[in-house]
Amino acid sequence: MILKASNIYKSYKDSDQVIEVLKGASLEVNSGDLICITGKSGCGKSTMLYILGLLDAPDAGELEIAGKIIDSRSNHAHEFRNRDLGFVFQFHYLIEDLTARDNVMLPLLILGKSESQAKKRADELLDYLGLSHRLNRFPNQLSGGEQQRVSLARALANDPKLVLADEPTGNLDPAHSSEVWGMIRNLNKELNQSFVIVTHDHEAAGQANKVFELSEGVLRQTG
Ligand SMILES: Nc1ncnc2c1ncn2[C@@H]1O[C@H](COP(=O)(O)OP(=O)(O)OP(=O)(O)O)[C@@H](O)[C@H]1O
Ligand SMILES: [Mg+2]
């Protein structure tokens, strides 16, 4: 087991009203899982992903890592997030002033890898994702699908136990979208990379080994 969230509650307070978003959502992620989460806009998918990614703390409920209950605000959680999690978001925010290679090298340099180690790893990953001819391009010189693949490479740079992705193909046309889904499937099958992916794309969700729908604040397995 990599990560387990049990009975998660989360609400947001607006000026005078409280929006209860998550009302007892639970999810267990095991090594090798490719989990997709679907659900209507505004149902709380991103909220759940932030909580799973230890980027936000739940109001109630438990998060377990490797069998130990942890507090999202603790140092342990902070370390786990940096070392063991990778993130891919819809508006992926590659750094515009850095090339594809430099974007992927950045998380490695932050964790203290040497320049040459980071470069080697970045080049390997970009090559695996079919971008070896694009290493020195800046994000605005890449197609949407290529940019998403660079984001995926960046998320994989530290060899995370789990990649969390929020609509990784949300702003792509069908051709680029299936290109990115193909990469995700290969990473899962060939390298046993684990993923939790929020997506509206039901066809893509068909590639997952588990599919959950978030509705009324809880996750129900639908496939
Ligand atoms: N910081 C916040 N303050 C107040 N309300 C928020 C905040 N973040 C999210 N919400 C509300 O919580 C609900 C869930 O938001 P969330 O972003 O998790 O939905 P989602 O399922 O990811 O939607 P989408 O598919 O459109 O991305 C929405 O009603 C949203 O308006
Ligand atoms: Mg969202």
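How far is an oxygen atom of ligand 1 from an N or O atom in the side chain of Thr 47? In this model, the separation is 2.6 Å, and a polar contact here is a pair of N or O atoms within 3.5 Å.

Good morning. The model is predicted, with local features requiring pLDDT of at least 70 and side-chain atom pairs counting only at pLDDT 80 or more, while totals for chains, interfaces and linings use all residues. Residues are numbered from 1 along each chain as its sequence is written, chains are lettered from A and ligands numbered from 1 in the order in which they are written, and side-chain values use heavy atoms, without hydrogens and water.

I begin with the ligand. Ser 46 places a polar side-chain atom 2.8 Å from an oxygen atom of ligand 1, and Gly 42 places a backbone N or O atom 2.8 Å from an oxygen atom of ligand 1. Of the 630 Å² of accessible area that ligand 1 has on its own, the protein covers 60%; the areas follow the Shrake-Rupley method with a 1.4 Å probe.

The shell comprises 13 residues, a residue being near if one of its heavy atoms lies within 4 Å. By class it holds four nonpolar, six polar and three charged residues, with Gly counted as polar and Asp, Glu, Lys and Arg as charged. Helix 1 gives the largest share, three residues. Strand 2 (18-29) and helix 1 (45-52) each supply at least two; helices (H or I, at least four residues) and strands (E, at least two) are DSSP runs.

Six strands form an open sheet in the order 6-7-8-3-9-10, with mixed pairing; strands pair if DSSP finds at least two bridges between them. Strand 6 (85-88) and strand 10 (218-221) are at the edges with a single partner strand each, so one side of each lacks a neighbour in the sheet. Strands 7 (162-166) and 8 (194-198) run parallel, joined by five bridges, and Leu 164 has Val 196 as its bridge partner in strand 8.

Which strand does helix 1 run at about 155° to? That is strand 7, where angles run from 0 to 180 degrees between N-to-C directions of axes fitted to C-alpha atoms. Helix 5 (144-156) lies across strands 6, 7 and 8, at about 165° to strand 6, with contact meaning heavy atoms within 4.5 Å.

Finally, strand 4 (60-65) is joined to strand 1 (3-13) by five bridges, running antiparallel. Strand 4 also forms a hairpin with strand 5, with two residues between them, and Ala 66 in the turn has a positive phi of about 50°.

Note on methods. A polar contact is a pair of N or O atoms within 3.5 Å; within protein, one must be able to donate a hydrogen and the other to accept it, and residues adjacent in sequence count only if both atoms are side-chain atoms.
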